[in-house]
Amino acid sequence: HKSEIDEVVFGGDGIDASALGKHLNLEEDKSDLHQEMEAFRDYAEKIKSLLPKAKMSSLQCNHYSLRKARFIAENPAMKNMIKDIEFKFDIITKHGKPYFPLNEYGNNLIAGIHGIFFNDVFTKNNTMNYPHDLFQGHTHCIQMYKGNNGLTSYGIPCLCKKEMAYLQGRPTRWENGFGILNYFPKENRYTLEYCIIKNGVGAYRNEVYKI
């Protein structure tokens, strides 16, 4: 399906940034912040090598930019000591600012944000705070809400591991997978599909894929 993909949108949380967070790092195989950033950069570049003609976009998330800003506010002496790594995205949208994929085609129906809500009705919150349909990745799970105002909000699954050590075995609603946004510019309409991955196996358009 490579020829069908015009744009790849990273939903955020490409790195855990536990070194800047409030949670204790309980992972057995720990990585420092710079190693995490290098790994995400390499991952993004691998996707780009598979889809050289596709636009690469990223939604800024809370895992790095906001954690870094808070960390520096609490530790001002570290301001110039945290090295950044250049991510070669075509567009990086500021956290909380909606981004319209394929906007060069005039798409103004559905936008992506990383998201700030994580309660049981996060999609409902989105329909009340933005004037258009939205998809978000902050909660790493599938959810859909249609508001009385006619707007729809979607939760997109993630590609990270679900058994994070800091959860200490507690259940989550996280779902592994990704979303596929199909946009029809002439009609200015879209569909949103999900590809769910369980135990390394995913199904999409009558085909089964195994990792």
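Biologist: Which residue in β7 is the bridge partner of L134?
Modeller: In this predicted model, L134 has S153 in β7 as its bridge partner.

Biologist: What makes β5 and β7 a pair?
Modeller: Pairing requires at least two bridges between two strands. Strand β5 (residues 133-136) and β7 have three bridges, in the parallel sense, so they count as a pair.

Biologist: How do you know that β6 pairs with β7, and in which sense do they run?
Modeller: Four bridges join β6 (residues 143-146) to β7; the requirement is at least two, therefore they pair. The two strands run antiparallel, and M144 has Y154 in β7 as its bridge partner. In their hairpin, with five residues between the strands, G150 takes a positive phi near 90°.

Biologist: Which way do the residues of β7 point, and are they buried or exposed?
Modeller: T152 and Y154 point one way, S153 and G155 the other way, and all are buried. Buried here means under 20% relative accessible area.

Biologist: What makes β8 and β9 a pair?
Modeller: Eight bridges join β8 (residues 177-184) to β9 (residues 189-198); at least two are needed, so the pair qualifies. The strands run antiparallel. F184 stands opposite R189, and N182 stands opposite T191. Their hairpin has four residues between the strands, and N188 there takes a positive phi near 50°.

Biologist: Why are β8 and β11 called edge strands?
Modeller: The open sheet has the order β8-β9-β10-β11, with antiparallel pairing. Both β8 and β11 (207-210) are edge strands, as each pairs on one side only.

Note on methods. Residues are numbered from 1 along each chain as its sequence is written. This is a predicted model: local features need pLDDT of at least 70, side-chain atom pairs count only at pLDDT 80 or more; totals for chains, interfaces and linings use all residues. Side-chain values use heavy atoms; hydrogens and water are left out. Buried means under 20% relative accessible area, exposed over 50%, partly exposed in between (1.4 Å probe, protein chains only).
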